[in-house]
Amino acid sequence: MDTLELRFPPSSRYVRVAAQMAANLGKVICRNIEESARDPNFIATLELVVSEVCTNAVKHGAQFRKDAEIVMLIMVDEQAMTITVKDC
C-alpha cells in the first residue's frame, strides 16, 4: 500500500489544495477502471467530501490552537483508495 501525506496549517485557504490533491489522485487511480463501471460523479463527489471533512477539521478541531495542523493521509492499493483527515 502506498501512502501520501499532506500536512497543513488549520486555515481554510489550504482546504481547496487538499481537496484538489485527493481529486487528482482519484483521477489517476480511476484510469484503470472500465468506463462502464465508473461513476461519472465520483471525482466531484470525492473533492466535495474531502473539502467538507477538511473544513470541519479546520473549523472545529484545530482553529484556535497555535501549534495545530491538519493531516490528510491518502492510502492507495490495487483495490481501494482510503483518505483519513485529522487535526493534530
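Modeller: The questions below go from the overall fold to single residues, and the model discussed is a predicted one.

Biologist: What pattern does the protein chain follow along the sequence?

Modeller: The order is β-α-α-β-β, made up of two helices and three strands. The C-alpha atoms occupy a box of roughly 45 × 25 × 15 Å along the principal axes.

Biologist: How many residues of the chain are buried?

Modeller: Buried residues account for 31% of the 88 residues. The accessible surface is about 6,100 Å², and carbon and sulfur atoms hold 51% of that surface.

Biologist: Which residues touch the most other members of the largest nonpolar core?

Modeller: They are F8, A18, V50, C54, I70, M72 and I74, within a core of 18 residues. At least two core residues come from each of strand 1 (2-8), helix 1 (15-30), helix 2 (42-62) and strand 2 (70-76). Helix 2 provides the largest share, with six residues.

Biologist: What makes such a set a nonpolar core?

Modeller: Its members must be buried residues of listed kinds, Ala, Val, Ile, Met, Phe and Cys among them, joined through side-chain atoms within 4.5 Å. As a general matter, nonpolar side chains in soluble globular proteins tend to be buried together.

Biologist: With which residues is M72 in contact, leaving aside its neighbours within four places in sequence?

Modeller: M72 is in contact with L4, E5, L6, A18, M21, V50, I83, T84 and V85. Across the chain, 60% of the contacts between residues at least 6 apart in sequence join residues at least 24 apart.

Biologist: Why is A19 called buried?

Modeller: The relative accessible area of A19 is 1%, and the term buried applies under 20%. A19 is therefore buried. This residue is found in helix 1 and touches E47, V50 and S51, residues up to four places away not being counted.

Biologist: Why does V58 count as buried?

Modeller: V58 has a relative accessible area of 6%; the limit for buried is under 20%, so the term applies to V58. V58 has its place in helix 2.

Biologist: Why is S12 described as exposed?

Modeller: S12 has 59% relative accessibility, and exposed means over 50%. The value passes that limit, so S12 counts as exposed. S12 is found in the loop between strand 1 and helix 1. The C-alpha atoms of S12 and L46, 34 residues apart along the chain, have a separation of 18 Å.

Biologist: Why is D87 called partly exposed?

Modeller: Buried requires under 20% and exposed over 50%, with partly exposed in between. D87 stands at 31% relative accessibility, and therefore counts as partly exposed. D87 lies in strand 3 (residues 81-87).

Biologist: What joins the side chains of D87 and R65?

Modeller: A polar contact of 3.5 Å joins them. The cut-off is a pair of N or O atoms within 3.5 Å, one able to donate a hydrogen and the other to accept it. Leaving aside neighbours within four places in sequence, the contacts of D87 are A57, G61, A62, R65, E69 and I70.

Biologist: How far apart are the mean positions of the positive and negative charges?

Modeller: They are 10 Å apart, for 10 positive and 12 negative charges in the protein chain.

Methods: Residues are numbered from 1 along each chain as its sequence is written. This is a predicted model: local features need pLDDT of at least 70, side-chain atom pairs count only at pLDDT 80 or more; totals for chains, interfaces and linings use all residues. Side-chain values use heavy atoms; hydrogens and water are left out. Helices (H or I, at least four residues) and strands (E, at least two) are DSSP runs, numbered from the N terminus. Buried means under 20% relative accessible area, exposed over 50%, partly exposed in between (1.4 Å probe, protein chains only). Contact means heavy atoms within 4.5 Å. Accessible areas come from the Shrake-Rupley method with a 1.4 Å probe; for residues, only the protein chains shown count as cover. Lys and Arg count as positive and Asp and Glu as negative; His and the chain ends are not counted. The place of a charge is taken as NZ of Lys, CZ of Arg, CG of Asp or CD of Glu.
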